[in-house]
Amino acid sequence: MRSLYLLLSLVVVAVSPSTVPTSYEGAQVWRITPPTLDIIGKIKKIGALFELDFWKDPSAIGRPVDFLVPAKKAGDIRDFLSREGITDYKVYIEDVQALLDDHKSAYEKPRERSATRDVSSFDYSVYHTVDEIYEWIDMVDSEYPFATKRQYGVTYEGRPMYVLEFKKTSSDPKPIIFVDALIHCREWISTASLLFIFKEMLQNPTYSHMMDEADWYFVPMINIDGYDETWNGDRLWRKTVSTGASSLCRGVDGNRNWDSHWSEDGASPLPCSYTYHGPTPASESEVRNLADLILSFGFGNISAYVTTHSYTQLILYPYGWSTQLTPDDQILNDTGRMMSEAIEAVHGMYYTWGPAAEGIYVTSGATDDWTYDEAGVKMSYTFELRDLGQYGFLLPADQIIPNGEEFLAGLEVLKNFVVDDFNP
Ligand SMILES: [Zn+2]
């Protein structure tokens, strides 16, 4: 009885939403740059054994791997690495809690609230809460006759999920470009940069052609419950917040939960893993509702889909589940290269591009494979925004606008391709 009680209290502790910010006291981020495939295999083994939170997944020889090392696991991980003969690793972020505190003091500073609340006076140089982003969606919807907010479902905790439709009147049909953000809720830069980008397309004459020539759909927040958690509980929370009945751990990795080669390589069957694929394909309301929305356009009717993540500065395209290339590999590669060049021309930031599994790492159940195969979106991309690891998910707010400017240049290239290629 006593052990049952203990077990039940453990379950309650594990699944209760946090009310105090999660502490990362003593935690560090370590980096290993694997010189051989054998070492990559060993890093994956350590990852599974210690349930590591990879900030940068093990991928290819010479490509750095970053992972969070909680204080209480540091000794065991160090011993394990030395037993496996891995001596060449370094502490990349010395004090995660200190970085979090700096980051927090910046995002908690009082907002410049102007008397008029509108799209142009909204502060794009700071990160925004769930409610502030809802407010922005409302402002766009009310200020622009061709912009419409549509609810396409509710989250696990019952928050409304919105897509913004930007559809200027035109006698000719136009291609559709769909952009999403924040399926991984700690990747704040994804939404922040896109709020800036859509403001530019709406207000800056240099970019108005982007909405003249294509219809845009924008989901600013997919994992809204998780995003709220990152503001009020665990800043480094990645997954959804759903609670499986049989599970000790909360949450599913939304970007492993899509019904495309679900539960294959590069996703974990373990509920406590950071890459847990969930109990069934599209088990998460956040994924299921978005999938239904995308399918409502009809197969092949969306010309381009961009799902936005951070960090590591990558432009990825299908497939993630297999190193097999798609029939559209050449065009995805050429456009990826042109986007990378356009991005680099803005602030000198280099983004690597390539098919996800072949060039970077294997992932199954990811958004872009699903949009490509199941929704017929030829130009399906995953963007990983700034940086290369110096701040990781805790990117300072003064990089929001520069990151937005370069990402906008990439999206402009994609739009140009899609318009030229459009054949209704
Ligand atoms: Zn991500």
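F407 is in contact with S193, I197, F383 and L385, leaving aside its neighbours within four places in sequence. Contact here requires that two C-beta atoms, placed from the backbone, lie within 7 Å. This is a predicted model: local features need pLDDT of at least 70, side-chain atom pairs count only at pLDDT 80 or more, and totals for chains, interfaces and linings use all residues. Residues are numbered from 1 along each chain as its sequence is written.

**F407 and its surroundings**

- F407 lies in helix α13. Helices (H or I, at least four residues) and strands (E, at least two) are DSSP runs, numbered from the N terminus.
- F407 counts as buried because it has 28 C-beta neighbours inside 10 Å. A residue is buried if 20 or more other C-beta atoms lie within 10 Å of its own, exposed if 12 or fewer, and partly exposed in between; the C-beta atoms are placed from the backbone.
- The C-alpha atoms of F407 and S340 are separated by 9.3 Å. Along the chain, F407 and S340 are 67 residues apart.

**Helix α6**

- Helix α6 covers residues 189-203, 15 residues in total. From first C-alpha to last, α6 reaches 21 Å, close to the 21 Å expected at 1.5 Å a residue. The expected span is 1.5 Å times one less than the number of residues in the helix.
- α6 is mostly covered, with 11 of its 15 residues buried.
- The buried residues of α6 include S193 and I197. Both are contacts of F407.

**Helix α10**

- Helix α10 (residues 329-347) has 19 residues. Its first and last C-alpha atoms are 28 Å apart, close to the 27 Å expected at 1.5 Å a residue.
- L332, T335, G336, M339, S340, A342 and I343 are the buried residues of α10. They lie on the same side of α10 because they cover an arc of only 165 degrees around the axis. The arc is that of the directions from the helix axis to the C-beta atoms.
- An α-helix has 3.6 residues a turn, so residues three or four places apart point the same way.
- On the other side of α10, Q330, D334 and A345 are exposed.
- The buried residues of α10 pack against β10 (314-317), β11 (352-355), β12 and α13 (400-421).
- Just after α10 comes G348, with a positive phi of about 75 degrees.

- Strand β9 spans residues 304-310 and is mostly covered, with 7 of its 7 residues buried.
- A304, V306, T308 and S310 point one way from β9. Y305, T307 and H309 point the other way.
- β9 runs parallel to strand β7 (residues 176-181), joined by 5 bridges. Two strands pair if DSSP finds at least two bridges between them. In this pairing D180 stands opposite T307 in β9.
- β9 also pairs with strand β12 (residues 379-385) in the parallel sense, over 7 bridges. Here Y305 stands opposite S380 in β12.

**Backbone details**

- Most residues other than glycine have a negative phi, and most peptide bonds are trans.
- A cis peptide bond joins S310 and Y311, with omega about 0 degrees. Y311 is in the loop between β9 and β10.
- The loop between β9 and β10 also holds Q313. Q313 is not a glycine, yet has a positive phi of about 55 degrees. Q313 is buried, with 22 other C-beta atoms within 10 Å.
- P318 and Y319 are joined by a cis peptide bond, with omega about 0 degrees. Y319 sits in the loop between β10 and α10.
- H261 has a positive phi near 50 degrees and is a residue other than glycine. H261 lies in the loop between α8 (224-232) and α9 (285-295). H261 is buried, with 22 other C-beta atoms within 10 Å.

**Two domains**

- The domain assignment gives domain 1 (21-106) and domain 2 (130-421). Such bounds come from an automatic or database domain assignment.
- The C-alpha centres of domain 1 and domain 2 lie 26 Å apart. Their contact takes 18 residues from domain 1 and 16 residues from domain 2.
- β2 (53-56) and α4 (96-107) each supply at least two residues of the side of domain 1 that touches domain 2.
- The residues of that side of domain 1 divide into 10 nonpolar, 3 polar and 5 charged. Ala, Val, Leu, Ile, Met, Phe, Trp, Tyr, Cys and Pro count as nonpolar, Asp, Glu, Lys and Arg as charged, and the others, Gly among them, as polar.
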